[in-house]
Amino acid sequence: MELVGKVVQLGTLIEGSSPRGPWKKQELIIETIEQYPKKICLICWNERVNEANGFFVGQTIKAQISIESREFNGKWYTDVRAFRFDLDQPEMQQPVSQQPLPPMNDDYFASDNGDDLPF
């Protein structure tokens with residue numbers, strides 16, 4: 001699948017190691033470009049993290065994604081993994097700011113009604 005959206009925010013970098021070697025993971029928040037825009041959290045792994053760090057707020061990107069769900073303790077969790085990025089019409093884009101993307105804080109998806117859903 002392909003998503004096109006404007007970069008909103010970059011999450012906190014998480015690094016670790018496994019029997020297969022070191023890894024890194026980071027979330028990239030984009031907002032779709034449509035009549036009713038939606039914010040989507042893309043999960044970036046390893047070399048995609050380096051690419052995501054090169055984007056600026058307001059930049060329009062195309063992301064090739066895969067969607068995967070898994071069950072853990074009776075609950076289902078879904079990841080939207082980015083496996084390729086392309087700039088959408090890079091010659092027409094001007095950066096909104098040259099500042100690095102703002103980090104997400106822990107309550108970015110927190111809700112006021114006491115449940116753990118972001119909406």
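Glu47 forms a salt bridge with Arg48, with the closest N and O atoms 3.9 Å apart, where a salt bridge is taken as a side-chain nitrogen of Lys or Arg within 4 Å of a carboxyl oxygen of Asp or Glu. This is a predicted model, in which local features need pLDDT of at least 70 and side-chain atom pairs count only at pLDDT 80 or more, whereas totals for chains, interfaces and linings use all residues. Residues are numbered from 1 along each chain as its sequence is written, and side-chain values use heavy atoms, with hydrogens and water left out.

Arg48 also forms a salt bridge with Glu51, and here the closest N and O atoms are 2.8 Å apart. Arg48 and Glu51 both lie in helix α1 (residues 47-52), three residues apart, which is about one turn of the helix; helices (H or I, at least four residues) and strands (E, at least two) are DSSP runs, numbered from the N terminus. Arg48 is buried, with a relative accessible area of 19%, while Glu47 at 47% and Glu51 at 29% are each partly exposed. In these terms buried means under 20% relative accessible area, exposed over 50%, and partly exposed in between (1.4 Å probe, protein chains only).

## The pair Asp79 and Arg70

A further salt bridge joins the side chains of Asp79 and Arg70, at 3.3 Å from N to O. Asp79 counts as buried at 13% relative accessibility, whereas Arg70 counts as partly exposed at 42%. Salt bridges that share partners join Glu47, Arg48 and Glu51 into one network, and the count of salt bridges comes to five.

Thr32 lies in strand β3 (residues 21-32) and counts as buried, at 10% relative accessibility. Leaving aside neighbours within four places in sequence, Thr32 is in contact (heavy atoms within 4.5 Å) with Val4, Gly5, Pro37, Lys38 and Ile40. Thr32 and Ile61, which are 29 residues apart in sequence, are 9.8 Å apart in space, C-alpha to C-alpha.

The side chains of Thr32 and Glu34 are joined by a polar contact of 3.0 Å, a polar contact being a pair of N or O atoms within 3.5 Å; within protein, one must be able to donate a hydrogen and the other to accept it, and residues adjacent in sequence count only if both atoms are side-chain atoms. The side chain of Thr32 also reaches the backbone nitrogen of Lys38, at 2.8 Å.

## Cysteines

The structure holds zero disulfides, a disulfide being a pair of cysteine sulfur atoms within 2.5 Å. Cys41 is in no disulfide, and the nearest cysteine sulfur, that of Cys44, is 8.5 Å away, a distance too far for a bond. Cys41 is partly exposed, with a relative accessible area of 22%, whereas Cys44 is buried, with a relative accessible area of 0%.

## The chain as a whole

The chain has one helix and six strands, which follow the pattern β-β-β-β-α-β-β when read along the sequence. Of the 119 residues of the chain, 29% count as buried. Among contacts between residues at least 6 apart in sequence, 56% join residues at least 24 apart. The accessible surface of the chain comes to about 8400 Å², of which 52% belongs to carbon and sulfur atoms; accessible areas come from the Shrake-Rupley method with a 1.4 Å probe, and for residues only the protein chains shown count as cover.
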